[in-house]
Amino acid sequence: MPGKSKDGRTPAFRVGDHVRWNSEAGHVSGVIIRVHTADFMYKGHRHHASPETPQYEIRSDRTSHVAAHYGDVLTRLA
């Protein structure tokens with residue numbers, strides 16, 4: 001299931017994890033700064049999240065821009 005660990009009970013990623021995702025501008029990397037397991041407001045819009053499908057706020061390494069993504073688009077970096 002997207003965004004979940006293999007045991008299906010905990011988010012696949014944690015605050016402090018370094019991750020990568022694909023954006024319109026190419027691949028971006030950053031650090032997870034928050035995990036959402038319930039609906040939340042972000043940049044004036046309601047984003048959906050649940051314990052089964054959490055969303056992650058990630059601060060870009062390069063620009064410090066913060067983005068929100070589901071775990072299925074993220075790849076953990078070493």
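Strands are DSSP runs of at least two residues, numbered from the N terminus. In this predicted model, Thr37 is found in the loop between strands β2 and β3, the latter covering residues 40-42. The protein chain has seven strands and zero helices.

**The chain as a whole**

- Along the sequence, the elements of the protein chain follow the pattern β-β-β-β-β-β-β.
- The protein chain has 78 residues, and 33% of them are buried.
- Of the contacts in the protein chain between residues at least 6 apart in sequence, 42% join residues that are at least 24 apart.

**The largest pocket**

- Rolling a probe the size of a water molecule over the atoms shows where empty space is left.
- The largest pocket has a volume of about 290 Å³.
- The elements giving two or more residues to the lining of this pocket are β1 (18-23), β2 (26-36) and β6 (66-70).
- Strand β2 supplies the largest share of the lining, with four residues.
- In total, 15 residues line the largest pocket, and those nearest its centre are Ser23, Ala25, Gly26, His27 and Val28.
- By type, the lining residues are nine polar, four nonpolar and two charged.

- Thr37 has a relative accessibility of 37%. Partly exposed residues lie between the limits of under 20% for buried and over 50% for exposed, so Thr37 counts as partly exposed.
- Leaving out residues up to four places away in sequence, Thr37 touches Ala49, Ser50, Pro51 and Pro54.
- The C-alpha atoms of Thr37 and Thr53 are 7.2 Å apart in space, while the two residues are 16 residues apart in sequence.

**Ser60, in a strand**

- Ser60 belongs to strand β5, which covers residues 55-60.
- Ser60 counts as buried because its relative accessibility is 8%, and buried means under 20%.
- The side chain of Ser60 reaches the backbone nitrogen of Arg62 at 3.2 Å.
- Beyond its neighbours within four places in sequence, Ser60 is in contact with Val28, Ser29, Gly30 and His65.
- One of these contacts, Val28, is also among the residues nearest the centre of the largest pocket.

Note on methods: Residues are numbered from 1 along each chain as its sequence is written. This is a predicted model: local features need pLDDT of at least 70, side-chain atom pairs count only at pLDDT 80 or more; totals for chains, interfaces and linings use all residues. Side-chain values use heavy atoms; hydrogens and water are left out. On a 1 Å grid over the protein atoms alone, a cavity is a set of points where a 1.4 Å probe fits but cannot get out, and a pocket is an open set with protein on both sides within 12 Å along at least five of seven lines; lining residues have an atom within 4 Å of a point. Grid points are joined across faces, edges and corners, and a volume is the space filled by probe spheres set on the points. Ala, Val, Leu, Ile, Met, Phe, Trp, Tyr, Cys and Pro count as nonpolar, Asp, Glu, Lys and Arg as charged, and the others, Gly among them, as polar. Buried means under 20% relative accessible area, exposed over 50%, partly exposed in between (1.4 Å probe, protein chains only). Contact means heavy atoms within 4.5 Å. A polar contact is a pair of N or O atoms within 3.5 Å; within protein, one must be able to donate a hydrogen and the other to accept it, and residues adjacent in sequence count only if both atoms are side-chain atoms.
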